[in-house]
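Biologist: Could you walk me through this model? I'd like to start with one chain and then look at how the chains meet.

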Amino acid sequence: MLYIEDVYIERNEFTLKLEQLQFSDNCKVALLGENGSGKTTFFSIVTGLLKAQRGLITYNKKSLMDIKTHERAKIFAYLPQFFHLIFNFTVFEIVHFGRFPFYNKRLGNNQQKEKTDKVLELLNLTKMKFKRWSELSGGEKQRVAIAKTLNQETPILYLDEPFSMLDIKHQIDCLKIIQCLNKLVILSTHNINLIKNYVDRFIFFKNGNILADLNINELNEEVLNSTYEVPVKRINNYFMFS
Amino acid sequence: MKSICLLLLIITIILSVFFGSSNTHLFSLNIIDAVVLNYRLPRVLFSALIGGCLGFSGSIYQLILKNPLADSFTTGASGVAALGTVISLVLGFNFYFIPLIAFIFAILGIAFIYKLSSINGYINPVTMILSGIVLNIFASSLIGFLKYFFDESLGNIIFFLMGGLHFVSWTQLIFFMLFFIMLFLIQLKDHYSLDILSLDEATAITTGVNVKAVRMKAFVIATLLISLCVSFTGIIGFIGLIVPHISRDLFGSAMYNNLIYSTIFGGILLTISDTMSRIIIPSGAELPVGIITSLLGGIFFFYLLIRKRAVTWF
């Protein structure tokens, strides 16, 4: 369980304020908002990559500050918006990086590799297992990055625009996988129409504040209108922006 | 495969012992004469060791600076270490302090380059190489100034700076070798963390690696070895640049392999280069080995820029 209270951070003329937020296990959450509204900063704060000027972040009632880097990697996995890699590692090697937090445990090396193989299978990457990073297309790279994040086997996943390069088929495939996970998943996206069938909770950001925190039934045009500042109409349960 | 490459290194070392300004014939009776045992053998072993150090440090630099064109030369580390060496020579420091001063200069230099070229953990590769090269030029200008200023006392500085493997004693050789093996093993233990460092900063940290600590440790180890090399042999360019790429092409990107093969290939390359520098001029005069490695390295550098631009540059 993730709990956030009274978090405040100010940097580069941008401030993010989070009053009180609670995320229960297994919940699927979408973060929405225009560019620069605070979604990525939210991820940086809850992962501890950025330190807030004040506020409290706890995982299962334990403060983030008291959890060491190595332990954090067993609680949450984070896929940043710009996942980036130098040198031509193979797909298998990259996905296997996700096993790093468990490397010191005396779980046999082969068992670790089997886990990586399973994740590759799950994301339909097995046939490109030995391909190198530079040979992959943008979408394939993104799926490899998602596989690496999943392979960390953490109870919490943070995904920052994980599907920005994926075609619609793979977006749906990934969302179906995510929907079935026994994990708390928080992801940011711009595609409300696609995401709304797969998540339980929608958090709207506006200028570093939380504008609304809704469930699927509460979703409405007004919120989208004030989030994106474009006219929105609802047609057949789809939101049309014009 | 590792044992085959190691064997290759050993063969190179053995063959190199028999080539030189006075050729020793393989099957002549006085094989174990004093020249070979006291001069040539330690020199050949020393060139293998220095080459290994350079390849090993190059592999580390390329990874932690996230730049395929990084090595001790292009980051300015060796230039600054040379400056430190020259300053300590000028000031007449004790022999044992020279590597230490070289190290202090080099670590400050590379920290400076790192700070200049990174924003929030993302290193701009162009800024890095640019500032590294400028630092190198700056350091060599200062060295040039010192050379003119203290003209007479530094007669062999030019040769030193071109890179040359001079006389080393067996004691120096053995101490250096043990020191290298120790640092090599310490760093090799971290190979999995080093792999993770090839990911972007945010991913690496959330994968559970203490990025700052691992990077700092690797920086110190690589720079220690570079300073030690420079204080003994001057600047020997490009080995640290070429060799990790060859290893990566042949044996993949995983750092466990890259560290080992970069060391072995570095040793082979410098041993061959040094042997060439000893025999290339028929009259028996010696070329500074830096000339040969830089020639070979320069060609490879252009190959990298032309052939692999689309893949490795980003």
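Biologist: Among contacts in chain B between residues at least 6 apart in sequence, what share joins residues at least 24 apart?

Modeller: Keep in mind that this is a predicted model. Take the contacts in chain B whose residues sit at least 6 apart in sequence, then pick out those joining residues at least 24 apart: that share is 77%.

Biologist: And how many helices and strands does chain B have?

Modeller: Chain B runs to 314 residues, and 57% of them count as buried. As for its helices and strands, chain B has 14 helices and 2 strands.

Biologist: Now the interface. How much area do chain A and chain B bury between them?

Modeller: The size of an interface is often given as the accessible area lost when the parts come together. Here the contact draws on 26 residues from chain A and 27 residues from chain B. Of the area buried, 69% is on carbon and sulfur atoms, and the total is about 2,400 Å².

Biologist: Which element gives the most to the side of chain A that touches chain B?

Modeller: Let's look at polar links first: across the interface the rule finds 0 salt bridges, but it does find 7 residue pairs in polar contact. On the chain A side, helix H2 (69-75), strand E6 (76-79) and helix H3 (91-96) each supply at least two residues. The one that gives the most, with 3 residues, is H2(A).

Biologist: How do the residues on that side of chain A divide by type?

Modeller: We're sorting the residues of chain A that touch chain B. They split into 15 nonpolar, 8 polar and 3 charged.

Terms used
Residues are numbered from 1 along each chain as its sequence is written. Chains are lettered from A and ligands numbered from 1 in the order in which they are written. This is a predicted model: local features need pLDDT of at least 70, side-chain atom pairs count only at pLDDT 80 or more; totals for chains, interfaces and linings use all residues. Side-chain values use heavy atoms; hydrogens and water are left out. Contact means heavy atoms within 4.5 Å. Buried area is the accessible area (1.4 Å probe) that two parts lose on being put together, summed over both. A salt bridge is a side-chain nitrogen of Lys or Arg within 4 Å of a carboxyl oxygen of Asp or Glu. A polar contact is a pair of N or O atoms within 3.5 Å; within protein, one must be able to donate a hydrogen and the other to accept it, and residues adjacent in sequence count only if both atoms are side-chain atoms. Helices (H or I, at least four residues) and strands (E, at least two) are DSSP runs, numbered from the N terminus. Ala, Val, Leu, Ile, Met, Phe, Trp, Tyr, Cys and Pro count as nonpolar, Asp, Glu, Lys and Arg as charged, and the others, Gly among them, as polar. Buried means under 20% relative accessible area, exposed over 50%, partly exposed in between (1.4 Å probe, protein chains only).
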